[in-house]
Amino acid sequence: MDRRSQPFHGPTPLVMVKGAYDRAGGPETVLQTIVRHLDRERFPPLLALLAGDAQPLPPVLGDLVTRVPSAVLPWRGLGGAPGSALQLARLLDERPGAILHTNDMRADLLAWMITRVRRVPWIAHVHGWLRHTHSGRHKLYEDIDRFLIRGADLVLVGSSAMAEEVRLAGGRRVEIVSNGIAAAAPAQHDAEAAAIRQRIAPGGGLLAGILGRLHPGKGQALLIEALPRLRAGGLDIAVVLMGEGPAEAEYRALADRLGVGAHVHFAGLVAETLPWLRAMDMVCVPSLKDSLPLTALEAMSVARPVIASRAGDLPLAITDGEHGLLVEVGSSAALEAAVERLARSPALRAELGEAGRQRLIARYTPEAMLHQLEGYCAELIAERGPDRGAQR
């Protein structure tokens, strides 16, 4: 049965909660898609952002608050979480029957606290855990999150691989909502892409890019390690890393140590990703651990060929040799071979880029994603019945 065929009992507010970090990534992109395509008559939205005192919002979230009703709640660390939960509870009081939709550990913590004392439908959207590639406090936060999601009525994930991981962590009910990306008209980004190429590589040459947080789990080091061998083989090629993160100093040192520092470009956080992806000759997604990263879908949307590791559900989105190229997880040599294959064949780059775009159009649209999300919201409403919002 179509999940959205559930009886319509009137508008149900959807309160989306997210920490306002100094970086942006997959969760923010998912929220952008929800804000743009949500049926607002059926699910009036509120975006609640958790931010430190005087903390500026990152550009993506700053843009979102202009597009949807929003509130900024204080975040003063784990010790201050009860106070933040109280403020979030007040927002829920103003929206009887609302569904909580949380998007990171901070938001999950507040939802867990609230749902211990009142009956609020809670959807925890887990966008990915990095497990062994995390360290320090980030690993601690992820361990906390694995505990918290056990309290959610429903946990949504973007891939079957992530679904299995959440089930193993104790998620009571886990469902997949495939990420959706609108298929761009690639040519509309060509002028800006050409300007980007002129800035980065005024002398010409090929560009292999990675879009994502600079973090060991994303595998950027594998491409840097492959670069000296690619250039020694006669290829005029450079690497472009689009993003920020804790591994930036490590990656800069690695590039310098290998003698390719001048050919590894650190673009920082890019506000508009599609022109940057369009400026690349190929986009690499060499994740050591992942779900179904949006960066792969975004590259496909602008008809750029993708080289991806066999992590998570990437092999379900990309058939090797048809919609892109797949390589073994953690293998710099395999990544090097795939990059060289595309570098030496403009025709193959064009063929795989267009095939990837058609794959995206067929399987990963925003409409399909929202159809699933709204369907699960309708199911929760039907299951909760007329007493939702009551005290436990």
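Reader: What is the order of the strands in the open sheet of seven strands?

Author: First, the ground rules: this is a predicted model, where local features need pLDDT of at least 70, side-chain atom pairs count only at pLDDT 80 or more, and totals for chains, interfaces and linings use all residues. Residues are numbered from 1 along each chain as its sequence is written, and side-chain values use heavy atoms, with hydrogens and water left out. Helices (H or I, at least four residues) and strands (E, at least two) are DSSP runs numbered from the N terminus, and two strands pair if DSSP finds at least two bridges between them. With parallel pairing, the order is S3-S2-S1-S4-S5-S6-S7.

Reader: Which are the edge strands there?

Author: Look for strands that pair on one side only. Those are strand S3 (70-74) and strand S7 (174-176).

Reader: What angle does helix H6 make with S7?

Author: H6 (residues 160-169) packs on the sheet and touches strand S6 (154-157) as well as S7; contact means heavy atoms within 4.5 Å. Axes are lines fitted to C-alpha atoms, for helices over the stretch in contact, and angles run from 0 to 180 degrees between N-to-C directions. On that basis, the direction of H6 makes with that of S7 about 175°.

Reader: How far apart are the end C-alpha atoms of helix H1?

Author: The expected span of a helix is 1.5 Å times one less than its number of residues. For the twelve residues of H1 (residues 26-37) that should give 16 Å, which agrees with the end C-alpha distance of 17 Å.

Reader: Why is H1 described as largely enclosed by the rest of the structure?

Author: Buried means under 20% relative accessible area, exposed over 50%, partly exposed in between (1.4 Å probe, protein chains only). The buried residues of H1 include Pro27, Glu28 and Ile34. H1 is largely enclosed because the buried count, out of twelve residues, is nine.

Reader: What is the handedness of the crossover from S11 to S12?

Author: S11 (residues 282-285) is joined to the parallel strand S12 (residues 306-309) by three bridges. The chain gets across through helix H11 (residues 294-301). A crossover is right-handed if, with the strands pointing away from the viewer, the path from the first strand over the helix to the second runs clockwise. This β-α-β crossover is right-handed.
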